[in-house]
Amino acid sequence: MHTLMEARELPAPSSRTPTATRPKFPADAGFLAAVRRRVGDHFKATGKRERDQPAMYLKTAVIFVWLTGSWALLVFAAQTWWQALPAAVSLAMALAAVGFSIQHDGGHNAYSRRRWVNKLAARSLDLVGASSYLWHWKHAVIHHTYTNVTGVDTDIEIGAAVRVTPHQERRWFHRWQHLYLFPLYGITAARWHLWGDFKEVATGWMGPHRIPRPKGRDLRIFVGGKLFSVGWFLVLPMVFHPVWLVLCAYLLITAMMGVAMSIVFQLAHCVGEADFPVPDPQTDRLEDSWAVHQVATTVDFARGNRALSWWLGGLNFQIEHHLFPQVCHVHYPAIAPIVEQTCQEYGIPYRAHPTFWAGIVSHYRWLRQMGRPDPVVAPPSS
């Protein structure tokens, strides 16, 4: 429930953004207490800690060796396109792994019991070109509180080119979004690096929400991270290679990153099996409690694929993550059956796609459905 408390830190809505309300959740009817108790009993029975897992520290080392090795091969060793291409793919996957695993756990305080360790892990995002400060507000606070609430959850307010909820305005070109959106995902990482983050810091607005601008150390980390990432992404490689070639490599690598990171999020929330709740217009209250809302708006996928789970940092176990964001992701496969069983006992639908491909197909179909004209309901005859 820490996300609900942090959401109260957001500046109050203003007349500029009438849609940026703070919907309210009804009281929990026992589900959250039950699932927390049972997961807590699991940790007591196994003797495992929720955070500070040796497997996570080892994984962090492996990812950074993978990252630096791929970068070094691409910049210093590759001499031909057929050598550079696999190095670029490897680098893109390693960069995504930093975000999926290290930064994500750190940003949710799931990496360690020590605050400074979590901060350090979270700031790995600044080293790869994005902003851990903005991610905290956009994802950890807003998205994890108001998941899939149109006009509030900034993770589903992607822009006019995309319609991913039934409550967003449909435009004529959305009929083709299931075709053009997958390539469009490729620009998201470069946009964060070079434009979007700067705009949000300069304006103090994140979609319909006002956010505190970074100051002091947060601002220094933001600026320093941008300079560092541009330095090792672009400037240093340009010392050894033609500018045009470095720019092409940068666009290719960030495109692969953008597609991977976007699809992983979309498979969890922007599919036909997920709900898109709307607050009551009179009370601004959502129908379900916070915990039930998280389950209803989230879908797992490929839970049996251990290799994919490792690379994604457990983000294929999104229901577990949304209910227990401060638990290290290495535990998600073990607690998933507990969560699923508790959902069944409380009559809460627990949704999961059996494979990664099934999730992609569901997302594709959802995009196509959202691009079609809404059915017109004829008025009743008198």
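At 4% relative accessibility, Asp52 counts as buried. The cut-off for this class is under 20% relative accessible area. The model shown here and in the other views is predicted. Asp52 sits in the loop that runs between α2 (31–46) and α3 (54–77). Its backbone stands out too: phi of Asp52 is positive, about 55°, although the residue is not a glycine.

**View B. Asp52 and its arginine partners.**
Side chains of opposite charge can pair when their charged atoms come close. Which residues does Asp52 pair with in salt bridges? One partner is Arg113, with the closest N and O atoms 3.0 Å apart. Asp52 belongs to the loop between α2 and α3, and Arg113 to the loop between α4 (81–107) and α5, so this pair ties together parts that are 61 residues apart in sequence. The other partner is Arg114. Here the closest N and O atoms are 3.5 Å apart. Arg114 also lies in the loop between α4 and α5, so its pairing with Asp52 ties together parts that are 62 residues apart in sequence. Arg114 counts as partly exposed, at 41% relative accessibility, whereas Asp52 is buried at 4%.

**View C. The Asp275–Arg351 salt bridge.**
The side chains of Asp275 and Arg351 meet in a salt bridge, at 3.8 Å from N to O. This pair links distant parts of the chain, 76 residues apart. Asp275 is in the loop between α11 and α12 (290–296). Arg351 is in the loop between α15 (332–345) and β4 (352–353). Is Asp275 buried, partly exposed or exposed? With a relative accessible area of 31%, Asp275 is partly exposed.

**View D. A patch of positive charge on the surface.**
Which residues make up the positive patch? Arg115, Lys119, Arg217 and Arg220 gather there, on the surface. The elements giving two or more residues to the patch are α5 (115–122) and α10 (216–240). Arg220 is a residue of helix α10. Its relative accessibility is 59%, so Arg220 counts as exposed. The cut-off for exposed is over 50%.

**View E. Thr254 inside helix α11.**
Thr254 belongs to helix α11, which covers residues 243–269. Thr254 is buried, with a relative accessible area of 2%. Where does the side chain of Thr254 reach? Another goes to the backbone oxygen of Leu251, at 3.3 Å.

**View F. Ala302, a loop residue with positive phi.**
Ala302 lies in the loop between β3 (300–301) and α13 (306–312). Phi of Ala302 is near 50°, a positive value in a residue other than glycine. Is Ala302 buried or exposed? At 3% relative accessibility, Ala302 counts as buried. Asp52 in View A likewise has a positive phi without being a glycine.

Methods. Residues are numbered from 1 along each chain as its sequence is written. This is a predicted model: local features need pLDDT of at least 70, side-chain atom pairs count only at pLDDT 80 or more; totals for chains, interfaces and linings use all residues. Side-chain values use heavy atoms; hydrogens and water are left out. Patches are made of residues with over 30% relative accessible area and no salt bridge: like charges are joined within 9 Å, nonpolar side chains (Val, Leu, Ile, Met, Phe, Trp, Tyr) within 5 Å. Accessible areas come from the Shrake-Rupley method with a 1.4 Å probe; for residues, only the protein chains shown count as cover. A salt bridge is a side-chain nitrogen of Lys or Arg within 4 Å of a carboxyl oxygen of Asp or Glu. Lys and Arg count as positive and Asp and Glu as negative; His and the chain ends are not counted. The place of a charge is taken as NZ of Lys, CZ of Arg, CG of Asp or CD of Glu. Helices (H or I, at least four residues) and strands (E, at least two) are DSSP runs, numbered from the N terminus. Buried means under 20% relative accessible area, exposed over 50%, partly exposed in between (1.4 Å probe, protein chains only). A polar contact is a pair of N or O atoms within 3.5 Å; within protein, one must be able to donate a hydrogen and the other to accept it, and residues adjacent in sequence count only if both atoms are side-chain atoms.
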